[in-house]
Amino acid sequence: MSTLISAAGSSAPEIARPGPRLTVHPGYAVYAEGLVRHFGGRRAVDEVDLRIPAGEIYGFLGPNGAGKSTTVRMLCTLLAPTGGRALVAGYDVATQPGQVRLRIGVALQDAALDPRQTGIELLRLQGRLYGLSNRALARRMAELGDLIELGDALGRPIGTYSGGMKRRLDLAAALVHNPEIVFLDEPTTGLDPASRARVWTEIRRLNQQLGMTIFLTTQYLEEADELAHRVGIIDHGSIVAEGTPADLKRSVGADVIVARVDGDAAAARPAVEAAPGVRSVEAHGSELVIATGDGAAAISGVAVALAGGAVAVRDLTLRTPTLDDVFLELTGTHIERKNAQEDPS
Amino acid sequence: MTAATDTIAIPASGEVIRARPAGFGHDLTSIAGRALRAVPRDPAAVVPPVFIALFFFTVNIATLSKLTGRHPGFSYTAFEMATAILLGVTGVSRAPALVLDVQTGYLDRLLLTPVRRTAILIGHMAADVAVAAALTAPILILGAILGVRFGAGPLGVAAFVLLASLWSLAFAGFGYAIALKTGNPAAVNSTFLLFFPFLFLTSSYVPRGQLSGWLSTVAGFNPVTYLLGGLRSLVLGNGWQWSQLAQALAAIALVGMISMIMCFAALRGRVKRSSQA
């Protein structure tokens with residue numbers, strides 16, 4: 001682990017002198033080494049290392065409570081690291097928070113908006129706090145107005161907005177100063193599919209057209225799969241896997257066979273493991289997830305193994321692996337199942 | 001999504017807009033502007049204090065002016081106006097709104113920007129001073145209708161408003177301290193507990209010389225006694241009573257110093273807690 005640094009976020013100067021932009025890790029928009037955050041005795045973030053090149057969409061995937069938001073809050077200077085070190089846009093989050101804040105845009109998980117403010121007032125306030133001139137602000141307002149498609153609603157109190165409108169306004173507020181790096185903490189949680197697709201389109205566009213680095217936390221597998229150039233999977237505060245979605249899925253195998261059975265699937269596991277072409281088998285309740293290099297070739301052997309076993313097969317599915325399969329292989333549980341356990345509602 | 005909105009407008013000039021530190025004054029006016037714009041949308045924050053002030057002004061005059069009628073040249077209406085003004089402006093602040101910002105996470109939104117942390121607090125306070133000054137208007141107008149004339153002239157009116165506004169700011173510091181310390185709206189409302197001793201254990205309704213023994217002693221230690229003295233000197237006196245005005249300013253400074261120390265300590269604690277939460 002790297003040198004410990006003190007929780008200096010609060011005691012550092014409000015606007016730290018620029019100081020040198022650290023060049024020890026050039027090209028990284030976000031660089032973290034052994035990042036740690038304790039809450040009392042609980043280690044919420046445990047030795048997280050990040051190397052995110054400029055211009056990348058990085059998906060930070062994990063179930064509720066895995067440490068995603070805590071990591072983001074540290075990288076955004078809202079939370080002081082207990083240990084380790086993080087550089088964002090080349091500046092240290094603990095000792096140069098003012099410089100970091102000038103270069104990042106953040107849309108946190110819960111869009112904290114003042115219901116009595118209008119959309120225009122919020123964007124103007126954000127722009128002014130980032131030191132934009134009236135001319136620059138007017139230009140950005142016009143650009144962002146098109147981006148978020150709120151039209152006349154921008155002049156209405158935010159309290160009258162739908163959830164999707166609030167999300168889009170929050171995204172615009174994060175972008176008003178044209179940041180180098182944008183942190184989006186679960187930007188589509190609670191959105192309907194249409195609004196979610198729209199946010200995805202905008203995220204891609206920001207990255208492709210404006211070259212912004214995007215750090216995206218999500219608990220939605222398809223979101224990480226669709227958007228991210230690379231994905232980091234976090235569980236219990238630690239990154240358990242990292243790579244492109246394709247590489248991560250490939251690590252599970254070319255194909256996945258899912259067998260749902262009556263009774264305990266673990267009883268059928270030994271027989272299936274012995275079937276030809278099977279790379280690994282995970283049993284969870286009444287479900288067997290079988291990784292294989294060639295599903296079409298292996299499925300008949302799996303079916304035969306199951307037929308001769310102690311459980312009755314309800315259905316057998318062949319599909320390509322998902323990030324959930326990666327998560328399952330690494331952590332022994334489905335990410336959605338874990339979310340449901342964390343959030344019984 | 002329509003084709004028309006499928007592209008982000010990229011500046012034709014190629015000029016890239018980047019953030020820069022805005023400067024303290026800019027931060028302060030931005031925060032104060034937001035706080036001021038919120039006032040008309042939150043009439044519950046300003047209407048009751050004005051109503052209470054006007055109500056007590058009217059009722060106290062009706063109740064007590066006959067008792068004082070035997071003192072020639074003494075206008076109880078003019079005497080009571082200072083009390084009415086303090087009833088109107090004491091405790092008026094955006095501290096409850098700041099609590100809401102803490103609770104909703106809006107404060108975090110502000111803390112994510114390069115805004116100077118002290119500007120968040122001072123910006124709210126600057127708005128409070130403006131609001132307090134505005135709240136004196138209806139009371140001054142009622143006083144004028146009832147025949148109150150300022151011995152210190154038109155500038156005396158301005159000084160009267162200034163003293164009242166500064167007092168409002170000094171008292172508001174306690175509200176902000178509690179708001180930032182607790183993040184609890186009910187706790188902020190508890191500043192009302194300070195309101196009573198400050199405004200009633202003093203010469204609010206009769207001159208200090210008419211107070212009974214223990215109350216006169218207590219009033220001697222109450223800064224509001226000297227504030228009322230300064231305010232009344234502008235109305236009842238002939239010209240400017242500098243010593244009384246100096247005492248009023250000193251009283252405000254004393255209360256303000258205590259409340260500001262408390263609220264800036266609370267701000268430091270809140271920012272630190274936010275980074276360590």
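Student: Before we start, which conventions apply to the numbering and to the confidence of the model?

Tutor: Residues are numbered from 1 along each chain as its sequence is written, while chains are lettered from A and ligands numbered from 1 in the order in which they are written. The model is predicted, so local features need pLDDT of at least 70 and side-chain atom pairs count only at pLDDT 80 or more, whereas totals for chains, interfaces and linings use all residues.

Student: Let's begin with chain B. How many helices and strands does chain B have?

Tutor: Helices (H or I, at least four residues) and strands (E, at least two) are DSSP runs, numbered from the N terminus. Chain B has 12 helices and 0 strands. Along the principal axes, the C-alpha trace of chain B spans about 80 × 40 × 35 Å.

Student: What share of chain B counts as buried?

Tutor: A residue is buried if 20 or more other C-beta atoms lie within 10 Å of its own, exposed if 12 or fewer, and partly exposed in between, with C-beta atoms placed from the backbone. By that rule, 43% of the 277 residues of chain B are buried.

Student: And what share of the contacts in chain B joins residues 24 or more positions apart?

Tutor: Two residues are in contact if their C-beta atoms, placed from the backbone, lie within 7 Å. Among the contacts in chain B with a separation of 6 or more, 79% are between residues 24 or more positions apart.

Student: Could you show me one residue there? Why does B:S233 count as buried?

Tutor: B:S233 is buried because 25 other C-beta atoms lie within 10 Å. B:S233 sits in helix 11 (residues 223–236) of chain B. Leaving out residues up to four places away in sequence, B:S233 touches B:Q241, B:Q244 and B:L245. B:S233 and B:A82 are 151 residues apart in sequence, yet 9.7 Å apart in space, C-alpha to C-alpha.

Student: Now chain A. In what order do the 4 strands of the open sheet stand?

Tutor: Two strands pair if DSSP finds at least two bridges between them. The order in this open sheet of chain A is 2-1-4-5, and the pairing is antiparallel. Strand 2 (42–53) and strand 5 (91–92) of chain A are at the edges, each with a single partner strand, so one side of each has no neighbour in the sheet. Strand 4 (residues 83–88) and strand 5 of chain A are joined by 2 bridges, and A:V88 has A:Y91 as its bridge partner.

Student: Which helix lies across that region, and at what angle to strand 1 of chain A?

Tutor: Axes are lines fitted to C-alpha atoms, for helices over the stretch in contact, and angles run from 0 to 180 degrees between N-to-C directions. Helix 1 (residues 68–75) of chain A lies across strand 1 (28–39), strand 2 and strand 4, running at about 120 degrees to strand 1 of chain A.

Student: Is strand 14 of chain A buried or exposed to view, so to speak: how many of its residues are buried?

Tutor: Strand 14 (residues 312–319) of chain A is hardly covered, with 0 buried residues among its 8. Strand 11 (residues 255–262) of chain A runs antiparallel to strand 14, joined by 7 bridges, and A:V258 stands opposite A:T317.

Student: How is chain A divided into domains?

Tutor: Domain bounds come from an automatic or database domain assignment. Chain A has domain 1 (28–245) and domain 2 (247–342), and their C-alpha centres lie 35 Å apart. At the contact, 16 residues of domain 1 meet 14 residues of domain 2. Helix 7 (221–227), strand 9 (230–235) and strand 10 (238–243) of chain A each give two or more residues to the domain 1 side.

Student: Which residues have the most contacts inside the largest nonpolar core?

Tutor: A nonpolar core is a set of buried Ala, Val, Leu, Ile, Met, Phe, Trp, Tyr and Cys residues joined through C-beta atoms within 7 Å. The largest one has 181 residues, and A:V30 and A:V88 have the most contacts inside it. Helix 7 (residues 153–182) of chain B gives the largest share, 17 residues. Both domains of chain A give residues to this core, so it lies between them. Leaving aside neighbours within four places in sequence, A:V30 is in contact with residues including A:L50, A:V88 and A:F215.
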